[in-house]
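These are my notes from a walk through one structure. I put down what I looked up, in the order I looked.

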Amino acid sequence: MAAADLVTAELTLTGRITTASNATFLGTIGEVVVVYKPMAGESPLWDFPDGALAHREVAAYLVSQALGWDVVPHTWLRDGPLGGGMVQLWKEQDPEQDAVDLVAADEVPVSGWKQVLEGQDQSGRMVALIHEDTPALRRMAVFDLIVNNADRKGDHVLAMPEGHRHGVDHGLTFHQEHKLRTVLWGWLGEALTEDELEGIDRVTEGLDSDLGRELAELLTAQEVAALAARCARLRLTRRFPAPAGEMPAVPWPLF
């Protein structure tokens with residue numbers, strides 16, 4: 001289907017994702033399966049402006065494209081059965097893979113995984129939050145740093161069959177104040193790779209051209225300036241930062 005048709009062809013709703021905190025629907029545009037989040041169904045938040053989460057989802061996609069890593073599935077704004085909102089291509093993840101997991105504290109894998117934290121579950125059993133140690137997931141962690149993602153839950157990481165990792169649910173991003181809350185803390189203090197630094201450079205360069213103009217239609221000038229500052233800070237330190245501020249470092253719930 002042509003890109004123009006994704007915006008103009010009829011969007012038909014086929015179901016609702018009831019676990020989402022905002023109104024979220026499955027639908028089709030022709031034979032293309034999509035997720036649709038109408039702006040009218042956004043729950044009010046004390047720290048993010050009303051009716052703007054859809055814009056942030058699209059802004060996150062644009063930054064993902066500038067990075068060149070395909071973290072966020074194709075996302076765009078359009079009208080739908082319940083008014084204007086965000087539409088995103090549906091991605092069918094592999095049910096046999098978990099990029100982020102909770103395991104018994106004494107069963108943390110020796111290699112290939114990073115432990116984020118340890119605690120007790122509802123039964124008093126000691127458990128550990130872990131995530132895989134892969135280049136694809138590292139790229140998502142860098143993306144989250146850049147967009148200031150306040151809600152990277154484990155279920156917001158889609159493990160694709162061929163090993164790629166998509167991130168979804170990016171309404172709580174781009175705040176001008178530090179809001180980072182993520183389950184992907186396993187690389188804390190580690191040096192960024194040249195590939196990761198080059199991705200950050202592509203975003204910085206894009207802010208002076210097409211990316212900057214597109215984001216200006218979706219975010220405030222202060223939020224775009226904060227995005228540029230985060231990129232500059234990461235380029236200077238060249239490392240995954242530690243949690244900062246008084247806010248929790250991980251979202252709740254974790255999944």
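How many bridges join strand S6 (residues 100–104) to S8? I counted 5 bridges, and the two strands run antiparallel.

Ground rules, for later. I am reading a predicted model, in which local features need pLDDT of at least 70, side-chain atom pairs count only at pLDDT 80 or more, and totals for chains, interfaces and linings use all residues. Residues are numbered from 1 along each chain as its sequence is written, and side-chain values use heavy atoms, with hydrogens and water left out. Helices (H or I, at least four residues) and strands (E, at least two) are DSSP runs, numbered from the N terminus. I take two strands as paired if DSSP finds at least two bridges between them.

**Entry: the sheet around S8**

I stayed with S8 and looked up its partners. S7 and S8 form a hairpin with 5 residues between them. Gly 124 in that turn has a positive phi of about 85°.

I then wrote down the whole arrangement: 3 strands form an open sheet in the order S6-S8-S7, with antiparallel pairing. S6 and S7 stand at the edges with a single partner strand each, so one side of each has no neighbour in the sheet. Neighbouring strands here are turned by 25° against each other on average, direction ignored. For such angles, axes are lines fitted to C-alpha atoms, for helices over the stretch in contact, and angles run from 0 to 180 degrees between N-to-C directions.

Is S8 (residues 126–132) largely enclosed or left open? I found 6 of its 7 residues buried, so S8 is largely enclosed by the rest of the structure. Buried means under 20% relative accessible area, exposed over 50%, and partly exposed in between (1.4 Å probe, protein chains only).

**Entry: the sheet with S2**

Next I looked up the other sheet. This one is open, has 5 strands in the order S1-S2-S3-S5-S4, and pairs in the antiparallel sense. Its edge strands are S1 and strand S4 (75–78), each pairing on one side only. Neighbouring strands of this sheet are turned by 35° against each other on average, direction ignored.

I looked at strand S2 (residues 25–29) in detail. Its covered face holds Phe 25, Gly 27 and Ile 29, and its uncovered face Leu 26 and Thr 28. Strand S1 (residues 11–16) is joined to S2 by 5 bridges and runs antiparallel to it. Along that pair, Leu 13 stands opposite Gly 27, and Arg 16 has Phe 25 as its bridge partner. S2 also pairs with strand S3 (residues 32–38), antiparallel over 5 bridges, with Leu 26 opposite Val 35. The S2 and S3 hairpin has 2 residues between the strands, and Gly 30 in the turn has a positive phi of about 65°.

**Entry: helix H2**

Which residues make the contact between H2 and H3? First the geometry: helix H2 (residues 53–67) and helix H3 (residues 135–147) pack at about 125°, with their axes 11 Å apart. That angle makes H2 oblique to H3. Angles under 35 degrees count as roughly parallel, over 145 as roughly antiparallel, 65 to 115 as roughly perpendicular and the rest as oblique. The contact is made by Ala 60, Val 63, Ser 64 and Leu 67 of H2 and Phe 143, Ile 146 and Val 147 of H3. Contact here means heavy atoms within 4.5 Å.

I then turned to helix H4 (residues 194–206), whose axis comes within 8 Å of that of H2, the two crossing at roughly 120°. H2 is therefore oblique to H4 as well. In this contact I listed Val 63, Ala 66 and Leu 67 of H2 and Gly 199, Ile 200, Arg 202 and Val 203 of H4.

**Entry: Gly 41**

Last, I looked up Gly 41, in the loop between S3 and H2. Leaving aside neighbours within four places in sequence, Gly 41 is in contact with Asn 22 and Ala 23.
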